[in-house]
Amino acid sequence: MALFSNLGERLNHIFSKMTKHGKLTSLEIKEAMREIRVALLEADVNYVVAKDFINKVSELALGEDILKSLTPTQQVIKIVRDQLTELMGGENQKLNVSPKPPTIIMMCGLQGSGKTTLCGKLALKLKKEGKKPILVACDIYRPAAIDQLKVLGKSIQIEVFERGTNNPVKTCKEAIDYANKFALDTLIIDTAGRLQIDEKLMDELKDIKKAINPTEILLVIDAMIGQEAVSVSKAFNDALDVSGVVLTKIDGDTRGGAALSIRSVIGKPIKFVGVGEKLTDLEPFYPDRMASRILGMGDVLTLIDKAQEAVDEKTAKEMERKFRENSFDLNDYIEQVNSLKKMGGLKSVLSMMPGIGGKMKQLENMIDEKALEKNKAIIQSMTAKERQNPDIINGSRRQRIAKGAGVQVSDVNNLLKQFNQSKELMKMMKNPKAYGGKMAMIKKLMGG
Amino acid sequence: MGIFKKFFEKLKYTFKRTELNDDFYDELEALLVSSDMGVETALDIMDELRDVCKQKLIKDIDHAQIQLKQLLIEKLNAQEIKFNYPLIITVVGVNGVGKTTTIAKMTKYFTKNKKSVLLAAGDTFRAAATEQLSNWADKLKVKIIKQGEGADSASVVFDAITSMKAKNVDVLIVDTAGRLHTKTNLMKELEKINNVARREYSNANFLNLIVLDASIGQNSIAQVKAFKDSVNIDGIVLTKLDGTAKGGVVYPIINDLKVPIIFTGFGEGVDDLAPFDANSFVEKILM
């Protein structure tokens, strides 16, 4: 198992021994599903949830035609990912807003799940959207929890309402009166972390809910949570009928199988993900990205979709022709740089590649997006003829180009060397069809 | 023992299973994977159990359960825990695992054992972290060395060691900023703390303890690995065992990364910490 680092490779290995085309057979599916099950469990998907999911997907995959453009491996991964995506809830869901202000957002969750930080992040986001939020400190148990919220509030210039260690129900009610008095339209209530089996503290949450009837009750869960995801989310949902989930600490290297477990068990939408320590690090939840992440395949599939969007069909066909005839020139190189930019730049493309996400920090120093821009300037300083046929670029042409682009001659040399190398590389990729048309497209995009 | 029987009783009375057939092993797999030990470890343990049962001609659940428990305990490789003084404990871990609370509990543990304790507020990063630790220091009546938010944590440690040496303190416990293990600059800070401590007090004994949250899944392995890459990790404090989480992820950590469990935490009170006990840990997994 250690031989194959990711699910895609493991599946490839299975399918390499089998028929390449036609329909997926039950034997193939059974073998593939065994690997997928392991991948899900390694990603911390709950045991029972993984079992149900595999049964469901096996049925769906049986007898499915293998699309011409995909290998059996890609086909299975596509079915699995589509199912995962659907299960985790297609469209991104926005926050509920109360028709009559104030909107009340209440947090709940285990200790250490990141509720207090999330309160700050959400407040900042709402403030930027033109709302007038106020933070309400109701964690009366953890020492300095109120201080933490106050420090956060101060850093984003949002008021924090607190009544020390008074009864949280009373504090919430007073906070609502305060918000009404000063025309603050959104209350964000931080509550103490608690174990789902702590009846006394769970009752406290029920009391708060009963007293203030929140517009939104968000269950905050650490994305790194293990098999417990099921019992935790179930207990909080049973007690409070939560309206949504926020997964925090997704910026680490966790595979985040909890997303699937939680969604399968309580059926509530995941509304946001916390992606870093800064208060601006809050993003909407994208089920498709999460699906690829759970499968340990980076966002390869998202990348395929993005590549499709960025390169329109006609350009792609033209590129493919040139690629085949090896008549790829420097004009095409510019095209590539532009496509990369449309996809969010090289960094963002790389961050979506499997196995790279966690290593981005080291990579960031190595990737020089400016170099791409520099290359673009160099090419733009060339004549049409030079771009089509770089071989004619001699010493004096190099000097002229360098001057025009405001760079050194060595920069021009480097670019030409790189270009020739990528041309060589393309020649070596003898059989792009083996990867399916889409993969070939990506390779071309990454070629520079 | 009564609790330990639960899984096997369910098998025997609900599923009417007494033989060690495939169904038994399916149930066992569910139990083991549900403890977060990971599917590979679970399969290994099942294989070993199969072998042992075959070797000893065990064919019934009653005898298999004794073997399983023994196997699970052996794999924890628990050693008797002894501390040497003067002792400098640096507590590391990702955000939210319960580092600060664990420090409070360890403080109580050592003061109860008649040792003098000093705290160093090395988490200068998180809002109000120093306040939180100061609150505990007041409650537990121990001294704390601190500087302002954003201060250099290695310099806090330097001050703390000066004070420790001057007052002949037995145990210094250093809090550090919680960090996702993927943040390299904060990892560097940790190395610096370690270097300063060793340089300033070379006669002391050093323990770097990583706090792990029992409810976290396979990512705990990556956490230990990442911390091990920058500083030596001598042991684990496994927290939040008072919930339903079983913390089985320590199995691959103990076996592959060779990091033992030192303490377990099971509540928010200062007394809710104990040296690791393999027997009760395994009993919980088998619940």
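# Briefing on a two-chain predicted model

The contact between the two chains draws 32 residues from chain A and 32 residues from chain B. The model is predicted, and the mean pLDDT of chain A is 81, with 74% of the residues of that chain reaching 70 or more.

- On the side of chain A that touches chain B, the elements that give two or more residues are helix H2 (26–42) and helix H6 (145–155) of chain A.
- The most is given by H6(A), which supplies four residues to the side of chain A that touches chain B.
- Sorted by class, the side of chain A that touches chain B holds twelve nonpolar, eleven polar and nine charged residues.

**Confidence in chain A**

- Across residues 354–361 of chain A the pLDDT is below 50, and the model gives this stretch 19 contacts beyond near neighbours in sequence.
- Residues 444–448 of chain A also have a pLDDT under 50, and for them the model has 15 contacts beyond four places in sequence.

**Domains of chain B**

- Where the two domains of chain B touch, eight residues of domain 1 are in contact with eleven residues of domain 2, and the largest share of the domain 1 side, three residues, comes from H4(B).
- That side of domain 1 of chain B, facing domain 2, divides into three nonpolar, three polar and two charged residues.

**Helix packing in chain B**

- Helix H3 (residues 39–55) of chain B packs against helix H4 (residues 61–76) of chain B at an angle of about 130 degrees, and their axes are 10 Å apart; because of that angle, H3(B) is oblique to H4(B).
- The crossing of H3(B) and H4(B) is right-handed, and in their contact Ile45(B), Glu48(B), Leu49(B), Val52(B) and Cys53(B) of H3(B) meet Ala64(B), Gln67(B), Leu68(B) and Leu71(B) of H4(B).
- By class, the residues of the contact of H3(B) with H4(B) are seven nonpolar, one polar and one charged.
- Helix H9 (residues 219–230) of chain B and helix H10 (residues 250–257) of chain B cross at roughly 35 degrees, with axes that come within 9 Å, and the crossing of H9(B) and H10(B) is right-handed.
- From H9(B), the residues Ser220(B), Ile221(B), Val224(B), Lys225(B) and Lys228(B) meet Pro252(B), Ile253(B) and Leu257(B) from H10(B), and the residues of this contact divide into five nonpolar, one polar and two charged.

**Backbone details**

- Most residues other than glycine have a negative phi, and most peptide bonds are trans.
- The peptide bond from Pro101(A) to Pro102(A) is cis, with omega near 0 degrees, and Pro102(A) lies in the loop between helix H4 (72–87) and strand S1 (103–109) of chain A.
- In chain B, the peptide bond from Tyr85(B) to Pro86(B) is cis, with omega near -5 degrees, and Pro86(B) sits in the loop between H4 and strand S1 (87–92) of chain B.
- Although Lys114(B) is not a glycine, its phi is positive, at about 65 degrees, and Lys114(B) is placed in the loop between helix H5 (99–112) and strand S2 (117–122) of chain B.

Note on methods: Residues are numbered from 1 along each chain as its sequence is written. Chains are lettered from A and ligands numbered from 1 in the order in which they are written. This is a predicted model: local features need pLDDT of at least 70, side-chain atom pairs count only at pLDDT 80 or more; totals for chains, interfaces and linings use all residues. Axes are lines fitted to C-alpha atoms, for helices over the stretch in contact, and angles run from 0 to 180 degrees between N-to-C directions. Angles under 35 degrees count as roughly parallel, over 145 as roughly antiparallel, 65 to 115 as roughly perpendicular and the rest as oblique. A crossing is left-handed if the near helix is turned anticlockwise from the far one by less than a right angle, and right-handed if clockwise. Two residues are in contact if their C-beta atoms, placed from the backbone, lie within 7 Å. Ala, Val, Leu, Ile, Met, Phe, Trp, Tyr, Cys and Pro count as nonpolar, Asp, Glu, Lys and Arg as charged, and the others, Gly among them, as polar. pLDDT is the predictor's confidence in each residue, from 0 to 100.
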